[in-house]
Amino acid sequence: MLRLKIKELRNEISVRQLSEETGIRWNTLNDMEKGTAKHWPPEHLNTLMRYFGLKNVSELIEYVDEEATEA
């Protein structure tokens, strides 16, 4: 499963504050952070990469092996 690292990246700021600063709706960010979003629009991923100053997509997205975490 792919997971966004939004919670780790946003540190001390709230989802609402991140929303205000990026222009991405707070409930969209919240769903993306919790892993309940049905899709991740490329423009949102690009906005988050720029906002956090990331150079590699692996700094934003990680692969989590669900089978390994269930064992």
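## Thr 22 and its surroundings

The side chain of Thr 22 has a polar atom 2.8 Å from the backbone oxygen of Leu 18. That is a polar contact, a pair of N or O atoms within 3.5 Å; within protein, one must be able to donate a hydrogen and the other to accept it, and residues adjacent in sequence count only if both atoms are side-chain atoms. Thr 22 also uses its side chain to reach the backbone nitrogen of Ile 24, at 3.3 Å. You will find Thr 22 in helix α2, residues 15–22; helices (H or I, at least four residues) and strands (E, at least two) are DSSP runs, numbered from the N terminus.

With a relative accessible area of 16%, Thr 22 is buried. Here buried means under 20% relative accessible area, exposed over 50%, and partly exposed in between (1.4 Å probe, protein chains only). Leaving aside residues up to four places away in sequence, Thr 22 touches Leu 29, Thr 47 and Tyr 51, where contact means heavy atoms within 4.5 Å.

## How to read the model

Please keep in mind that this is a predicted model: local features need pLDDT of at least 70, side-chain atom pairs count only at pLDDT 80 or more, and totals for chains, interfaces and linings use all residues. Residues are numbered from 1 along each chain as its sequence is written, and side-chain values use heavy atoms, with hydrogens and water left out.

## Salt bridges

Searching the whole structure turns up 3 salt bridges, each defined as a side-chain nitrogen of Lys or Arg within 4 Å of a carboxyl oxygen of Asp or Glu. Let's begin with Arg 3, which is partly exposed at a relative accessible area of 23%. Arg 3 pairs with Glu 8, with 2.6 Å between the closest N and O atoms; Glu 8 is partly exposed at 43% relative accessibility. Arg 3 also meets Glu 62 in a salt bridge of 2.4 Å, N to O. This pair links distant parts of the chain, 59 residues apart: Glu 62 belongs to strand β2 (residues 61–63) and Arg 3 to strand β1 (residues 2–4). Glu 62 counts as partly exposed, at 24% relative accessibility.

Turning to Arg 10, its salt bridge is with Glu 33, and the closest N and O atoms are 2.6 Å apart. Here, too, distant parts of the chain are linked: Glu 33 is in helix α3 (residues 26–34) and Arg 10 in helix α1 (residues 6–10), 23 residues apart. Glu 33 is buried, with a relative accessible area of 15%, and Arg 10 counts as buried at 14% relative accessibility. As for shared partners, salt bridges join Arg 3, Glu 8 and Glu 62 into one network.

## Aromatic rings

The structure holds 1 aromatic pair. It is formed by Tyr 51 and Phe 52, edge-to-face, at 5.0 Å centre to centre with 80 degrees between the planes. Rings of Phe, Tyr and Trp (its six-membered ring) pair if their centres lie within 6.5 Å; planes under 30 degrees apart count as stacked, over 60 as edge-to-face and the rest as tilted. Tyr 51 is partly exposed at 30% relative accessibility, whereas Phe 52 counts as buried at 18%.

Another ring to look at is that of Trp 26: the charged end of Arg 16 sits over it, 4.0 Å from its centre. The criterion is NZ of Lys or CZ of Arg within 6 Å of the ring centre and within 35 degrees of the ring normal.
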